[in-house]
Amino acid sequence: MITHQHLILKNCPPLCPPPCNSSCTITHLLLHCSLHHTLRLSLQLSSSLSDILHYRNPDIHLLIQFFKAANLYNLI
Ligand SMILES: [Zn+2]
């Protein structure tokens with residue numbers, strides 16, 4: 001919801017908190033956000049968005065773990 005709420009509410013797209021300040025998209029959060037770089041490395045998340053979100057991804061628990069550790073779980 002954090003990445004799409006602005007579409008429903010017809011607001012500007014949200015930005016990541018400082019110092020990132022990038023557009024807050026799923027791609028950004030899962031692959032590029034500097035705020036979550038260390039977390040991505042520690043969980044060994046794939047660098048491929050299609051691999052991370054693939055319905056047959058055997059490591060889907062890592063995605064859940066990432067969202068929880070990044071305090072994003074309740075925002076999606
Ligand atoms: Zn960011």
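Thr25 has its place in the loop between α1 (5-9) and α2 (26-32), where helices (H or I, at least four residues) and strands (E, at least two) are DSSP runs, numbered from the N terminus. The model is a predicted one, in which local features need pLDDT of at least 70 and side-chain atom pairs count only at pLDDT 80 or more, while totals for chains, interfaces and linings use all residues. Residues are numbered from 1 along each chain as its sequence is written.

Thr25 is partly exposed because 17 other C-beta atoms lie within 10 Å; by the rule used here, a residue is buried if 20 or more other C-beta atoms lie within 10 Å of its own, exposed if 12 or fewer, and partly exposed in between, with C-beta atoms placed from the backbone. Thr25 and Leu75 are 50 residues apart in sequence, and their C-alpha atoms are 12 Å apart in space.

The protein as a whole has five helices and zero strands, so that, read along the sequence, its pattern is α-α-α-α-α. Its radius of gyration, taken over C-alpha atoms, is 13 Å, which agrees with the value near 11 Å that a compact globule of 76 residues would have; the globule rule is 2.2 Å times the number of residues to the power 0.38. Along the principal axes, the C-alpha trace spans about 35 × 25 × 20 Å, and 9% of the 76 residues count as buried. Of the contacts with a separation of 6 or more, 19% are between residues 24 or more positions apart, two residues being in contact if their C-beta atoms, placed from the backbone, lie within 7 Å.

Confidence is given as pLDDT, the predictor's confidence in each residue, from 0 to 100. The mean for the protein is 89, and 99% of its residues reach 70 or more. Among the elements, α1 has the lowest mean pLDDT (77), whereas helix α3 (residues 37-43) has the highest (96). Where pLDDT is low, the predicted coordinates should not be read in detail.

The loop between α1 and α2 also holds Cys16, which counts as partly exposed because it has 18 C-beta neighbours inside 10 Å. Leaving aside residues up to four places away in sequence, Cys16 touches Asn21, Ser22, Cys24, His28, Cys33 and Leu35. The C-alpha atoms of Cys16 and His37, 21 residues apart along the chain, are separated by 13 Å, and those of His36 and Cys16, 20 residues apart, by 11 Å. His36 itself lies in the loop between α2 and α3 and counts as buried, because it has 22 C-beta neighbours inside 10 Å; with residues up to four places away again left out, His36 touches Leu29 and Ala70.

Some backbone details remain. Most residues other than glycine have a negative phi, and most peptide bonds are trans. The peptide bond from Pro18 to Pro19, however, is cis, with omega near 5 degrees, and Pro19 is found in the loop between α1 and α2.
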